[in-house]
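Hi,

Here is the structure we talked about. Please have a look, then read the notes below.

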Amino acid sequence: MAVLAVVALLVAGAVAGGSWLLRRAGVDTLAPWWGPDCTVLVAGERVGLDREQAMAAATAAVRRLRGEAAADVDGVPPEAVAALAEGPADGPGPVLTCSSGSDAELPEEAMGPSGLTPRAETLLAEMTEVHGELSLGGFQPGGVSDGHGADSTHYRGEAVDVFFRPVSEENRRRGWLLAQWLVAHAERLEVSVVIFDDRIWSTRFALAGWRPYTSSDVANDILQHRDHVHVDVRRGT
């Protein structure tokens, strides 16, 4: 028993030390490293949700913020839906994160006439159906060839920008609700990257949750994605 106690203390110390280092690096230490598919921060505590619950809760939160009636979600505390709709008590920000989801191989898709791949077109249609009219950019019929960084996913028709301008507390809250809705639905809609408000979530590093995002000019609201949500769909092979 004494040996087990020592081992437990060593593990706890390692975890605590690792968490301290991650916090110093700005990494979301409350991300679901193991256990549930997704978690929502409610009154300082993480509530675990499976993926179906997370998708339903995020959609219910959208309806709540828009003033629409939304039915309770089975197995999800109403407080979790409220937290998604309203954000943290100290201001707009993320309260939901999810593990990476499916890693199934997908075929690479060609850009269609809309300037988006079929995968991105499906994502756009779903976003519009749930969130209503959106201010969109980052694509156009025939594709875009400039205005973004080198090798941008926009040039391949794999990315959409959704604008929330001007930068304000209300627009940041709306942007975070969309960003987290995308993360909750990432597996189903084949989302690979979401960037908003100085933070990034990706399937590749999903265990790290929402990580700090740093562009070439941190004072620039556009480059830092403070005025728009950027979302990539998976490229495929």
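**Aromatic cluster and a threonine contact**

Both tryptophan 176 and phenylalanine 196 are buried. Keep in mind that this is a predicted model.

I looked at the aromatic rings. A search of the whole structure turns up three aromatic pairs. Phenylalanine 164 and phenylalanine 196 form one of them: the ring centres are 6.4 Å apart and the planes sit at 65 degrees, so this pair is edge-to-face. An angle over 60 degrees counts as edge-to-face. Phenylalanine 164 is in the loop between strand 5 (159-163) and helix 5 (169-184), while phenylalanine 196 is in strand 6 (residues 191-196), so the pair ties together parts 32 residues apart in sequence. Phenylalanine 164 and phenylalanine 196 are both buried.

Tryptophan 176 and phenylalanine 196 also pair. Their ring centres are 5.3 Å apart and their planes are at 75 degrees, so this pair is edge-to-face. Tryptophan 176 belongs to helix 5 and phenylalanine 196 to strand 6, so the pair ties together parts that are 20 residues apart in sequence.

Which residues do the ring pairs link into a cluster? They are Phe164, Trp176, Phe196 and Trp210.

Now to threonine 97. This residue lies in strand 3 (residues 96-98). Is threonine 97 buried or exposed? Its relative accessibility is 0%, so threonine 97 counts as buried; the cut-off for buried is under 20%. The threonine 97 side chain makes a polar contact with the side chain of tryptophan 201, at 3.5 Å.

Best wishes

Notes: Residues are numbered from 1 along each chain as its sequence is written. This is a predicted model: local features need pLDDT of at least 70, side-chain atom pairs count only at pLDDT 80 or more; totals for chains, interfaces and linings use all residues. Side-chain values use heavy atoms; hydrogens and water are left out. Rings of Phe, Tyr and Trp (its six-membered ring) pair if their centres lie within 6.5 Å; planes under 30 degrees apart count as stacked, over 60 as edge-to-face and the rest as tilted. Helices (H or I, at least four residues) and strands (E, at least two) are DSSP runs, numbered from the N terminus. Buried means under 20% relative accessible area, exposed over 50%, partly exposed in between (1.4 Å probe, protein chains only). A polar contact is a pair of N or O atoms within 3.5 Å; within protein, one must be able to donate a hydrogen and the other to accept it, and residues adjacent in sequence count only if both atoms are side-chain atoms.
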